[in-house]
Amino acid sequence: MKKITVVSAASFLFLLICSVVARLSKGLFIGNKATLPLIIGIVILAISGIIALIVRERTKVNLFCFALSAVAMGFIMRAWYILRDLDNSIFITLLISLGAVVYLWIYFALIHIPVVKESAGVTVAVSVLYVLISIVIYVILVLKTETSFVSTAGFYAFIEISFIFAMSMEVNDNEELIRNLTLSTYSVFVVAAIVAVFALMAASGSGDCDCDCGGCDCDGSCCDGCDCGGSDSAKATKKKKRRV
């Protein structure tokens, strides 16, 4: 089976599992505490990594670890949704997952342009440029749009970039490719670190107070109990700022 086919199927399956877990776990966590799903995700990811290090080349075990990492990503995304007060439907996350696969195909098409394919230096340059352009587009979307799925798309694109890296490595067969894809899933630790930073900011009260307290003490809930201009429009403005 062609490398692009394996990587495309694997990346979509990974994001699909992540999306389903993030959605179905919504009812498991009551309130606005993101700590528990974040810890669960990190523990599952750590278990997956330990198994992958011990077993190494066995394809079935690598596939199991791949699935475990996807489940871990789902819990970490649930923690993110709780933190940012977001809620994406399965339909939206499936569209984002398909978009991530298209993102992979565009890259694959670029590096197989004859003039690019024939030079390792040009291939590296195109790869770096592709990632940089992706980052610029993402930042523009964050700054210019007010939607509930931009951050999800960003996290999914980051995972897709790790799959691109796995696809770029030389392999002799699909078993080696699956091993590389499994190892690339541990980039989820970076996603977990980002979510953890936001969780710490929220816990310290530095991530949620977006209004001018007018002399009141902020307690992490935007001057709860204080009159900050008092209007519902201020609260609505705060919610818009967080929907990324």
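I take contact to mean heavy atoms within 4.5 Å. With that rule I looked up the contacts in the protein with a separation of 6 or more, and residues 24 or more positions apart account for 76% of them.

**Ground rules.** I note that this is a predicted model, in which local features need pLDDT of at least 70 and side-chain atom pairs count only at pLDDT 80 or more, while totals for chains, interfaces and linings use all residues. Residues are numbered from 1 along each chain as its sequence is written, and side-chain values use heavy atoms, with hydrogens and water left out.

**Overall make-up.** I find ten helices and zero strands in the secondary structure, where helices (H or I, at least four residues) and strands (E, at least two) are DSSP runs numbered from the N terminus. Of the 244 residues, 40% count as buried, a term for under 20% relative accessible area, with exposed meaning over 50% and partly exposed in between (1.4 Å probe, protein chains only).

**H4 against H6.** I looked up helix H4 (residues 90–111) and helix H6 (residues 120–144), whose axes come within 10 Å and cross at roughly 150°. That angle makes H4 roughly antiparallel to H6, since angles over 145 degrees count as roughly antiparallel, under 35 as roughly parallel, 65 to 115 as roughly perpendicular and the rest as oblique. The axes are lines fitted to C-alpha atoms, for helices over the stretch in contact, and the angles run from 0 to 180 degrees between N-to-C directions.

From H4, I list Tyr103, Ile106, Tyr107, Leu110 and Ile111, which meet Thr123, Val126, Ser127, Tyr130 and Ser134 of H6. Within H6, I see that Val126, Ser127, Tyr130 and Ser134 are buried, and the buried residues of this helix pack against H4 and helix H5 (114–117).

**Leu94.** I then went to Leu94, which is found in helix H4 and counts as partly exposed at 26% relative accessibility. Leaving aside neighbours within four places in sequence, Leu94 is in contact with Phe12 and Leu16. Leu94 and Leu16 are 78 residues apart in sequence, yet 6.7 Å apart in space, C-alpha to C-alpha.

**Ser187.** Last, I looked up Ser187, which has its place in the loop between helix H8 (174–184) and helix H9 (188–204). Ser187 is buried, with a relative accessible area of 13%, and it touches Phe158, Ile159 and Ser162, not counting residues up to four places away in sequence.
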